[in-house]
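This note goes through one structure point by point. Please keep the sequence and the model open while reading.

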Amino acid sequence: MDYTPVKGTHDIFGAEAKQHNYVSFVLKSTAELYGYKGLETPVLEHTEVFSRGTGESSDVVRKEMYTFLDKGNRSVTMRPEFTAGIVRSIVSNKYYATEDLPIKVFYHGPAFRYERPQLGRYRQFHQFGVEEIGLDSARADAEIIIMAVHMMQNLGFNKVNLKINSIGDDETRTNYRAALVEYFSKHIDNMCPDCKERLQLNPLRILDCKVPADQEIAKGAPKLKDYLSENSEKRFYDTLSIINDFGVEYEIDDGLVRGLDYYSEVVFEIHAISDEGKDYGALGGGGHYGGLVKALGGPDLPGVGFAMGMERVVNVMNDNHLLDEITDGVDFYVMPVGEDMLDEAFNLTMMVRSFGFSAETPLANGKMGSMFKKAVKRKAKFAIIVGGNELERGVVNVKNLATQEQIEVPLHNIDRTLENLINPQENECCCGGDCNCENEEHDEGCCGGHCCCHHEE
Ligand code: HAM
């Protein structure tokens, strides 16, 4: 019996799970700023959704899908990507008829590809993505690219490496394919077996080949930009001009063709090399797709979208220290001093949670030393020490576990004090603006003598 995770899959626990939630929250909130709505589709789809949608000539469909016959003998596939399933949903629910166009959706969840596991490449991974369906314009394409960059900025990236290209309209790709067939036919005997097949299926895919010798041959291949139709060229430069107006920096990458069959016109990828020098591959990618909605049985509507790889984004953010604040620790660890303080500590813990702070208490009697060790292990920011003598005076001690500084906090306005400890407000009194130094209450230590407005005297 093998109890290890299936090769290429991984468990996401504790701090890492919180980081994933945080990243998807930032991405989702940014998508909502642009008017996007959530759409959740099943992991399982009929295999044709991907073979017709994602494309027969893509490596994803040819080699990487988790496809099986279910007990009813139907061929089903665990989604290798979301776009085809999202479009299937828009077509089968007829959202194109009931919703205002363009339909703008975001999604998040696991996807599955039978790839060789390596840095940043898994067999089960998570994507966050967006699709905008029903509007054919350079402005729609540009808005998606601007939003992708905006998302990266909201995650804390100062510099976004955006690679962009146009693979043109049908006319462009028909002419370009013919040129590629002519070029590669002369070299195909020296190329890998996959490329021999690609030459028949879709010679554009040869440009994605990872075999070094084939990459060398591909360097001499005709360039896409020389085959762009007039319309596609204009559309591409219109898109670039809009994103440029919004200060988005980009690099035109003539070799960028993307590995999925549905793309037409603009395509793009977002890359980042981590501060530690690791290259996780593209953090995200996407582009315009002209014929996908129709190919999946819907009306002739275009779409544009992109997806980010959550694991890659989280890994690069960790390497660049952008997630240091997102831990699985608690705000407060509440410690009873002695067994007879267990109830009080429990009640206070519940009260602290009711203020909206995370808190834990050991629920059993223990020595102070071991409770402090537990508090550190739980990555608590503060310990609240509940002692009988202090309670009689209406106070508890609160210790900052990073600085070891300890203050006495009166219970009557503990909510404000705790708030200020967790979210210190500049220029605001730690007693929530209620501090009045002429007031006797303050002399009693309304903020434990640690009033940050420095009005103690
Ligand atoms: P994709 O480039 O195949 O595009 O995947 C998008 C992102 O998912 C990649 O940039 C990468 O970060 C992540 N990713 C892909 N495969 C793996 C893997 N095996 N392990 C870890 N991360 C991975 C799409 O999937 C398109 N559906 C994007 C799109 C949306 N185009 C238009 N709309």
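1. Basis. This is a predicted model, in which local features need pLDDT of at least 70 and side-chain atom pairs count only at pLDDT 80 or more, while totals for chains, interfaces and linings use all residues. Residues are numbered from 1 along each chain as its sequence is written, and side-chain values use heavy atoms, with hydrogens and water left out.

2. Domains. The chain is divided into domain 1, made of 15-169 and 229-319, and domain 2, made of 332-447. These bounds come from an automatic or database domain assignment. Between the C-alpha centres of domain 1 and domain 2 the distance is 47 Å.

3. An open sheet with mixed pairing is formed by five strands in the order 13-12-14-15-16. Strand 13 (359-360) and strand 16 (406-410) are at the edges with a single partner strand each, so one side of each has no neighbour in the sheet. Strands here are DSSP runs of E, at least two residues long, and helices are runs of H or I of at least four residues, both numbered from the N terminus. Two strands pair if DSSP finds at least two bridges between them. Strand 15 (residues 395-400) is antiparallel to strand 16, and five bridges join them. Opposite Asn397 stands Glu408 in strand 16.

4. Helix 13 (residues 342-354) lies across strand 12 (332-336), strand 13, strand 14 (382-386) and strand 15, at about 160° to strand 12. Helix 14 (residues 368-377) lies across strand 12, strand 14 and strand 15, at about 170° to strand 12. The axes are lines fitted to C-alpha atoms, for helices over the stretch in contact (heavy atoms within 4.5 Å). Angles run from 0 to 180 degrees between N-to-C directions.

5. Strand 6 and its partners. Of the 10 residues of strand 6 (residues 124-133), nine are buried. Buried means under 20% relative accessible area, exposed means over 50%, and partly exposed is in between, with a 1.4 Å probe and protein chains only. Strand 6 pairs antiparallel with strand 5 (residues 103-112) over 10 bridges, and Phe106 stands opposite Val130. Strand 6 is also joined to strand 11 (residues 303-309) by seven bridges, again antiparallel; there, Glu132 has Val304 as its bridge partner.

6. Ligand. Which residues come nearest to the ligand? Of the 27 residues around the ligand, they are Glu81, Thr83, Glu115, Tyr122 and Tyr263. A residue is near if one of its heavy atoms lies within 4 Å. Nitrogen atoms of the ligand lie 2.9 Å from a polar side-chain atom of Glu131 and 2.6 Å from one of Tyr263. A polar backbone atom of Gly305 is 3.4 Å from a ligand nitrogen atom. A polar contact here is a pair of N or O atoms within 3.5 Å.

7. Thr30. This residue is found in helix 1 (residues 14-33). Thr30 counts as buried because its relative accessibility is 2%. Leaving aside residues up to four places away in sequence, Thr30 touches His150, Met151 and Asn154.

8. Lys163. Is Lys163 buried or exposed? Lys163, in strand 7 (residues 161-166), counts as buried at 19% relative accessibility. Beyond residues up to four places away in sequence, its contacts include Glu251, Asp253, Phe268 and His271. Lys163 and His271 are 108 residues apart in sequence and 7.7 Å apart in space, C-alpha to C-alpha.

How values were computed: Polar contact = N/O pair within 3.5 Å; in protein donor to acceptor, adjacent residues only side chain to side chain.
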